[in-house]
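Colleague: Could you walk me through this model? I would like to go from one part to the next and ask as we go.

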Amino acid sequence: MSMIFLKYAGRCAVLSSLLVAVAAHAGSHPKQATAKSAIRKVAAAPDDLGEFANFTQWKDVSEFIDQMVDKHGFERAELESIFRKTRYVDTTIQLIKPAPPGRPKNWHAYRERFVEPVRINAGVAFWNANAEALARAEEQYGVPAEIIVGIIGVETIYGRNTGNFRVLDALTTLAFDYPDTPNRESRMKFFRGELENTLLFARDSAIDPFTLLGSYAGAIGWPQFMPGSIRKYAVDFDGDGRIDLRNSPVDAIGSVAHFLAEHGWQRGEPIAFPASVSNAESSRSWDVFIGQGLEAKFTLDELKAAGVTPGVEPPAGMQFGLVDLQNGGEPTEYWLGAANFFAITRYNRSFFYAMSVVDLGRAVRSARGS
């Protein structure tokens, strides 16, 4: 979401099919825009979703325009014209809201949405069609082909589900009217940053920003990269002189691998090991390792001393985080996540998501016979 960024694993199970996008294309070496250069103007699509809001009358939007003019040299009249055509999309507000409290998470139900015949078969076809690019990405970035295949399969079923929200509409709505949640201010700041990146990306790529289609949260392309991630991590992996996450699966492959490499992927290291925990009330000292962030920072000796037992003895010297995959009314599944597991969570901040990527990739590899 690439990365793409839902915070709640339970919500991901319901919404992941919507977290898809059609990507923009951009030059891998875009022209440097002058202070007065303009975004290429193309008429907005006639079938716009959402409702008229006249965002130019919103105080926060006006201040945002001021910042874009001062910081990046945009023309005020041009931005005002853009925001007059931008629509308010209530659907994005409803979809971004966290799941209702008290709803139990269910790893098995979540997994079944992604590790299933349609995605596995599509993954085999995708791998066969792009074997050279996947092998090259693995060699260059150290990320196994099955992980790249798993991510693109979970995100968009290999480009089949591409989303139909105008990115500018979705991001503007979320940037200035995010739902009333405890993290509202930080999320609005995040989406304003992505709106800024969208306008810069459109200008640098000489494309109409209204042609950018994506998820309700503004994620773009086969790999579901947010606009900021496109600008930072997307690569021209097919060598045609431009980055095209909408039409080039090869660019998507290289971009996913580059993203993971930049977010802590360790070449040749394992991802996760099954584990069990002591459930006696008097010996639940392992509880302290739950909810300790998306990072592998505990030694195996520390975890064992607290009652965590690996199903397979991991290599010496590695560090882990304790991963809990809740199963509704059934027993929770536990894993020891290594650095590579948590690198996947930088794509989507969910244990369920990361393990689904791992399992789908393995299933595709097995079905392919490789």
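Colleague: How many of the residues of helix H9 are buried?

Modeller: Helix H9 (residues 167-176) is mostly covered, with 10 of its 10 residues buried, where buried means under 20% relative accessible area, exposed over 50% and partly exposed in between, using a 1.4 Å probe and protein chains only. Among them are Leu 168, Asp 169 and Thr 172. Helices (H or I, at least four residues) and strands (E, at least two) are DSSP runs, numbered from the N terminus.

Colleague: Before we go on, what should I keep in mind about the model and the numbering?

Modeller: This is a predicted model, in which local features need pLDDT of at least 70 and side-chain atom pairs count only at pLDDT 80 or more, while totals for chains, interfaces and linings use all residues. Residues are numbered from 1 along each chain as its sequence is written, and side-chain values use heavy atoms, with hydrogens and water left out.

Colleague: Which residues does Thr 86 touch?

Modeller: Leaving out residues up to four places away in sequence, Thr 86 touches Phe 55, Arg 166, Leu 168, Asp 169, Thr 172 and Phe 210, contact meaning heavy atoms within 4.5 Å. Leu 168, Asp 169 and Thr 172 are among the buried residues of H9.

Colleague: And where is Thr 86 itself, and is it buried or exposed?

Modeller: Thr 86 lies in the loop between H3 and strand S3 (87-88), and Thr 86 is buried, at a relative accessible area of 0%. The Thr 86 side chain also reaches the backbone oxygen of Ile 82 at 2.9 Å; a polar contact is a pair of N or O atoms within 3.5 Å, where within protein one must be able to donate a hydrogen and the other to accept it, and residues adjacent in sequence count only if both atoms are side-chain atoms.

Colleague: At what angle do H2 and H3 pack?

Modeller: H2 and helix H3 (residues 76-85) pack at an angle of about 140°, their axes being 10 Å apart. Axes here are lines fitted to C-alpha atoms, for helices over the stretch in contact, and angles run from 0 to 180 degrees between N-to-C directions.

Colleague: Which residues make that contact?

Modeller: From H2 the contact takes Val 61, Phe 64, Ile 65, Asp 66, Met 68 and Val 69, and from H3 it takes Arg 76, Leu 79, Glu 80 and Phe 83.

Colleague: Switching to the sheet, what is the strand order?

Modeller: The 5 strands form an open sheet in the order S8-S10-S11-S7-S9, with antiparallel pairing; two strands pair if DSSP finds at least two bridges between them. Strand S8 (298-299) and strand S9 (308-310) stand at the edges with a single partner strand each, so one side of each has no neighbour in the sheet.

Colleague: How many bridges does each pairing have?

Modeller: Strand S10 (residues 319-327) and strand S11 (residues 330-337) pair over 6 bridges, S7 and S11 over 4 bridges, and S7 and S9 over 3 bridges, while 2 bridges join S8 to S10. As for individual partners, Val 323 has Trp 335 in S11 as its bridge partner, and Trp 335 is also the bridge partner of Pro 274. Leu 322 stands opposite Leu 336 in S11, and Ser 276 stands opposite Thr 309 in S9.

Colleague: What is in the turn between S10 and S11?

Modeller: S10 and S11 form a hairpin with 2 residues between them, and Gly 328 in the turn has a positive phi of about 65°.

Colleague: Which helices lie across S10 and S11?

Modeller: Helix H5 (residues 107-114) lies across S10 and S11 and runs at about 95° to S10, and helix H15 (residues 351-368) lies across strand S7 (272-277), S10 and S11, also running at about 95° to S10.

Colleague: What does Trp 107 touch?

Modeller: Trp 107, which is in helix H5 and is buried at a relative accessible area of 2%, touches residues including Leu 325, Glu 333, Phe 352 and Met 355. Trp 107 and Phe 351 are 244 residues apart in sequence, yet 9.3 Å apart in space, C-alpha to C-alpha.
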